[in-house]
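Please read it alongside the sequence and the coordinates.

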Amino acid sequence: MRTKTITYDDKIARYFMAASIGWGIVGMLVGVIVALQLAYFGANLPPWLTFGRLRPLHTNAVIFAFVGNMLFAGVYHSTQRLLKTRLASDKLSWFHFWGWQAIIVAAAVTLPLGFTQGKEYAELIWPIDLMVAVVWLVFAANFFWTLKIRNEKHLYVAIWFYIATIITITVLYVVNNLAIPTSITHSYPVFAGVQDALVQWWYGHNAVAFFLTTPILGIMYYYLPKAAGRPVFSYRLSIVHFWGLVFIYIWAGPHHLLNTALPEWAQTLGMTFSLMLWAPSWGGMLNGLMTLRGAWDKLRRDPVLKFFAAGVTFYGMSTFEGPLLSIRSVSSLAHYTDWIIGHVHAGGLGWNGLMAAGMFYWLVPKLYDTKLHSRAAANAHFYIATIGILLYVVSMWTSGITQGLMWRAEAEGGGLLYSTFTETVEAIQPMYWARLIGGSLYFVGFIMLAWNLLMTVKGKRPVETKIDVVVEELEDGVPLKKIVFSPPVILSLVVSAMVGSLAVLNELASTLLIIVAMFTAVLGTIAIQLSRTEGSVNWHRLLEGRALVFTAFTTIAVLIGGIAELIPSMVIGAQDRATTAMQPYTALELQGRDLYVSEGCYNCHSQMIRPFTWESARYPGGISTAHDSVWDHPFQWGSKRTGPDLARESAMNRGPVWHYNHMLDPRSTSEGSIMPAYPHLRSSALDFGLTQSKLSVMQTLGVPYSNEQVLGGEDDAHAQARSIAEALRSQVEIDAPPAGVDVALEDSQLVALISYLERLGRNRSAWEGEQGDAPADVQVSQADTGASDTDASETEAAR
């Protein structure tokens with residue numbers, strides 16, 4: 001054996017850590033602002049600083065800027081020590097760093113300007129998506145190259161989670177962001193309607209799983225034992241934790257779409273696998289907390305261990321609540337309410353935020369060979385942050401349950417007890433103020449962290465870590481075939497095939513197959529354990545020495561769930577398009593829909609009426625079906641109702657004048673509304689020149705526009721806009737244009753948006769009816785779309 005001296009590259013970790021803290025302050029500040037905007041609508045400053053535009057900036061800043069930079073710092077620092085080698089390429093590391101910061105700056109500029117794809121956690125426009133793909137692949141190349149040149153044969157558990165993160169995020173991000181551009185700032189996704197919803201939440205749920213969970217778990221497995229001075233509690237439990245999460249998590253996305261137009265089999269799969277997540281998730285939490293055994297006395301004195309212990313506890317709480325919310329009956333109450341917001345922030349602030357703080361407080365003094373400036377300030381930060389999180393989450397739980405119960409409450413004589421949506425909004429206003437206070441406390445605690453760490457490094461020089469390592473032989477002499485075709489692999493493939501078959505079986509057969517698969521897994525595991533002989537080499541231990549094989553197995557485990565859910569859905573989508581009575585949007589309605597997306601209206605409004613009696617009573621026109629959104633690129637079902645559902649908006653018979661007044665002054669039409677005003681839509685001209693390119697791309701995506709409609713789209717849009725403007729001018733209330741506005745009413749963005757809102761709930765445009773093609777008041781009905789005429793109450797009972 002030979003030895004060599006390694007000098008670790010800790011500078012890149014320091015830079016990523018500093019970026020995480022800086023962007024964390026920005027992201028949390030924006031979070032405080034949007035919380036204020038919900039508590040006090042006057043805090044909205046259109047056009048750029050409204051809730052609909054700032055909320056995506058907040059989520060992207062916290063996820064990709066704060067947590068993203070933090071995980072890169074942790075991965076780069078810990079990987080070098082676990083593999084006993086320097087990062088493979090300094091140039092790739094720095095390209096990764098500056099590229100990622102450029103992406104964040106681009107997002108911070110474009111999102112407030114209204115440039116968005118309109119998909120949660122995937123709002124960034126296509127040029128930025130390309131930047132993300134390039135930078136992520138550079139990160140992956142640097143990581144796997146480092147893995148190849150490692151001097152430590154054995155892959156520690158943290159490395160497993162890093163591998164899973166890199167592979168899965170690559171697949172998720174590419175598939176969900178497949179789109180065709182119409183301009184440098186706009187594109188349409190290749191998927192539509194139900195299929196787009198499934199792909200989006202396959203991505204959205206697993207972005208949480210593999211960007212906000214698995215890499216942080218890797219960081220937990222490295223830094224928590226280091227801080228505690230104790231080994232990981234259970235090696236076997238870490239194996240169960242890893243493979244259970246990697247295989248099961250990828251199936252759980254459809255639980256975000258329960259009780260919607262998503263096919264029943266997909267909803268059942270999502271709910272079933274979400275419930276199964278309890279086991280590996282809590283196994284990981286217990287593994288983390290039990291690592292502190294024998295070190296509980298340190299917990300009283302050491303703020304680092306306080307943050308880690310609380311972070312892991314919040315991980316356990318969030319991963320208990322997630323499966324709970326995936327139960328269909330619980331989802332019927334919680335979905336679209338603030339309960340979901342509380343759940344997300346328990347994970348974001350509690351799990352990610354506290355783990356980040358623990359890592360920073362431990363790592364910064366190590367990198368500068370000094371002591372933390374103030375333990376007292378760190379302890380104060382811990383208690384302020386914890387109180388802030390609890391106030392935030394409890395207020396959102398209270399608000400969410402209140403919303404869910406008020407929406408469904410029935411009066412004694414029948415009908416809805418709270419018939420006006422704003423009654424619910426007014427009831428939960430105190431909880432929005434409580435949320436603002438909780439979030440502000442957390443933000444103050446984070447400012448204390450930044451000050452404490454800045455004072456810790458002030459006047460200090462970073463240390464350079466050099467070690468002498470023994471260069472290990474990476475070959476173990478075991479034939480590859482023995483690892484690939486071993487009993488555990490064969491058992492996993494058999495069980496995976498059984499589970500994957502659920503998508504094509506009926507309910508009874510699926511239930512029986514789940515039982516058979518569970519028994520096969522249990523009995524097979526027992527048989528493998530009994531067949532082991534004394535002195536035999538642990539199979540998983542062999543796998544941990546084969547980085548390429550380990551990565552391949554991880555990739556397969558991830559892909560199985562995605563393929564089993566997405567491919568059948570695409571086939572069903574093609575059938576829906578061939579049989580639907582739904583006509584595509586007119587040119588002006590399409591432009592209006594893009595404005596709806598640009599303003600972030602999906603952040604507050606859903607477009608999905610669920611099969612419940614209270615929903616059909618509140619929103620006339622029938623429950624939503626897959627056909628309603630068959631031409632929607634992207635889908636707009638939403639995930640939160642700060643305002644009412646809009647799927648059947650035309651059935652409310654409000655008319656263009658109501659929408660005009662509502663957009664300029666929401667309180668004039670809806671007393672108690674907290675929606676911001678949108679005067680800039682009246683004063684901003686619509687870019688009619690983009691109409692043809694948009695129609696052309698939609699045609700390419702399979703939307704049935706004729707060549708004549710594409711070529712004449714701009715003229716048609718102008719004609720419909722003039723028609724709406726004439727109807728508006730005929731009303732005394734809006735005879736005079738607003739002061740200082742020189743944009744003709746028919747050329748304004750507001751008219752385009754009104755055309756879209758008036759279309760929602762119709763199977764073809766009222767404008768086409770005015771042209772003599774069809775009655776103007778044709779509504780989307782269950783008969784129109786090929787669905788059964790079972791009413792909402794019968795559908796609810798059947799489910």
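Helix 12 and helix 14 run roughly antiparallel to each other, because their packing angle is about 155 degrees and angles over 145 degrees fall in that class. Helix 12 covers residues 303-325 and helix 14 covers residues 338-367, and their axes lie 8 Å apart. The crossing of the two helices is left-handed. In the contact of helix 12 with helix 14, 19 residues are nonpolar, 7 are polar and 1 is charged. This and everything below refers to a predicted model.

Helix 14 is also one boundary of a loop that ends at helix 15 (375-408), and this loop holds D369. D369 is not a glycine, yet its phi is positive, near 50 degrees. The residue counts as exposed because its relative accessible area, 63%, is over 50%. N259, in the loop between helix 8 (235-249) and helix 9 (264-276), likewise has a positive phi without being a glycine, at about 65 degrees. N259 is buried, because its relative accessible area of 2% is under the 20% limit.

| Cis peptide bond | Omega |
|---|---|
| P46 to P47 | near 5 degrees |
| H633 to P634 | about 0 degrees |

P47 sits in the loop between helix 1 and helix 2. P634 belongs to the loop that links helix 24 (613-618) with helix 25.

Helices 1, 2 and 25 come up again at the second largest pocket, where each supplies at least two lining residues. Sorted by class, the lining comprises 21 nonpolar, 15 polar and 7 charged residues.

One further loop position is A581, between helix 22 (547-579) and helix 23 (587-598). Is A581 buried, exposed or partly exposed? A581 is partly exposed, because its relative accessibility is 29%, a value between the limits of 20% and 50%. Although A581 and R764 are 183 residues apart along the chain, their C-alpha atoms are separated by 8.6 Å.

Conventions:
Residues are numbered from 1 along each chain as its sequence is written. This is a predicted model: local features need pLDDT of at least 70, side-chain atom pairs count only at pLDDT 80 or more; totals for chains, interfaces and linings use all residues. Side-chain values use heavy atoms; hydrogens and water are left out. Helices (H or I, at least four residues) and strands (E, at least two) are DSSP runs, numbered from the N terminus. Buried means under 20% relative accessible area, exposed over 50%, partly exposed in between (1.4 Å probe, protein chains only). Axes are lines fitted to C-alpha atoms, for helices over the stretch in contact, and angles run from 0 to 180 degrees between N-to-C directions. Angles under 35 degrees count as roughly parallel, over 145 as roughly antiparallel, 65 to 115 as roughly perpendicular and the rest as oblique. A crossing is left-handed if the near helix is turned anticlockwise from the far one by less than a right angle, and right-handed if clockwise. Ala, Val, Leu, Ile, Met, Phe, Trp, Tyr, Cys and Pro count as nonpolar, Asp, Glu, Lys and Arg as charged, and the others, Gly among them, as polar.
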